[in-house]
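Here is a short briefing on ring pairs and a helix contact. Please keep the structure open while reading.

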Amino acid sequence: MLRTSEQEASDFAPHHSNAMTRVCVGGIGVEIPEASISNEELVDSFNAWVDAENPNREARGLPPLAKSDAEFIEHASGIRQRHVYERDGILDPARMAPNIPARADDELSVMAEFGAAAARKALAHAGVEARDVDLVICASAHHQRPYPAIAIEIQKALGTSGAGFDMGLGCSSALAGLHVATNLVRSGAHRRVLVVTPELITAHLNFRDRQTHFIFGDASVAVLVEALGASEERPGRFEIVDTRSWTQFSNNIRTNFGFMSRLAQEDPSYLAMEGNLIKQNGNKVFKDVTIAGHKFIVDFLAEHGHTPETMRRFWLHQANARMNAMILKLAFGGEVGQDRAPTVLDRLGNTAAAGAIIALEETHRDMKPGEHGLLCAFGAGYSIGGALLRMM
């Protein structure tokens, strides 16, 4: 259940500080894998597995599995295809998982490599040397390992100074990382913070789950957060006016994959995957997040004297086109088109925490000085993150 309006008002209350350093997005980097998989290809693989599995289920007295459908996927989610880090293995009905070989401990890990690729693009966009970055935050929905932190490995790969740490908040991770980075720079604790979000979601996806097998794709993004002078303006860059995070516990999007999973097995050396990968109650998520997302956006903007109408652009979490359309319809009182709220999920799928940043990177260059935009992501937790941006 969502909280009462009185509780929500407290949750979304501002936490402002006075006389703080101004902050900007100095650079953005996006890395999208070349390989892609269409709805039709994914459905053919899934249905072939269903055809092979149903006789076994019938023999055990279990109900047959339902098949998937490409047209329904596009209607329900807006997704037509997704890019994947590794295509090999995903469409094999006998495997249905990407074939990504293990790397030795002295090799750069897959996730760090993916993150560093986007990070280098963000540094190049900002015109900043890696050594001038004093903190790396790896903020992603999933992490390849608990430690050493992926951020520290990215730090080593890039040659940045200072420190690094990992953090996660589901599909709101990049916005949560941006929230932390902005306030660290604003307070003077750091000068430049690189928020890196490598999302290898297909490695954590159960391609035999009809509810989720079509949702996710892989992508990596990075955002460099920098301090601004008191009256400094950087044409073509965004000043970060404010950021906000909100969470409320829900089991409707969940993964139980972790080191505790093996302990529940008769043979503790065997790590059972079934039931520990991504799962969600899609209809409940749609309803709950639509309501909470709408309120978050309207209240956050109102704190700064804005309404949805004063935003030139919205870069929302790229999970479900219908959900985004409904949130914006509630906010505006009518339909909102692609120019005001662009989507990229039709060709990329849900890239978890990376999606809103990709939309921002692809669709900000036509904005004029003084125009505002809102980054907003929502996901497991439930969690919501927002960043109010002003084009300089």
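Predicted model: local features only at pLDDT ≥ 70, side-chain atom pairs only at ≥ 80, totals over all residues.

Residues are numbered from 1 along each chain as its sequence is written, and side-chain values use heavy atoms, with hydrogens and water left out.

**Aromatic pairs**

- Rings of Phe, Tyr and Trp (its six-membered ring) pair if their centres lie within 6.5 Å; planes under 30 degrees apart are stacked, over 60 edge-to-face, the rest tilted.
- The count is five aromatic pairs.
- F46 and W49 have ring centres 5.9 Å apart and planes at 55 degrees, so this pair is tilted.
- Both residues sit in helix α2 (residues 39-59), three residues apart, about one turn of the helix.
- F46 and W49 are both buried (under 20% relative accessible area; exposed is over 50%, partly exposed in between; 1.4 Å probe, protein chains only).
- Y85 and F114 have ring centres 5.4 Å apart and planes at 70 degrees, so they pair edge-to-face.
- This pair links distant parts of the chain, 29 residues apart: Y85 is in the loop between β3 (81-83) and α4 (110-126), and F114 is in helix α4.
- Y85 is partly exposed at 24% relative accessibility, while F114 is buried at 5%.

**Helix crossing**

- Helices (H or I, at least four residues) and strands (E, at least two) are DSSP runs, numbered from the N terminus.
- The axes of α2 and helix α3 (residues 70-77) come within 9 Å and cross at roughly 125 degrees. Axes are lines fitted to C-alpha atoms, for helices over the stretch in contact, with angles from 0 to 180 degrees between N-to-C directions.
- Contact (heavy atoms within 4.5 Å) involves N39, E40 and V43 of α2 and A70, I73 and E74 of α3.
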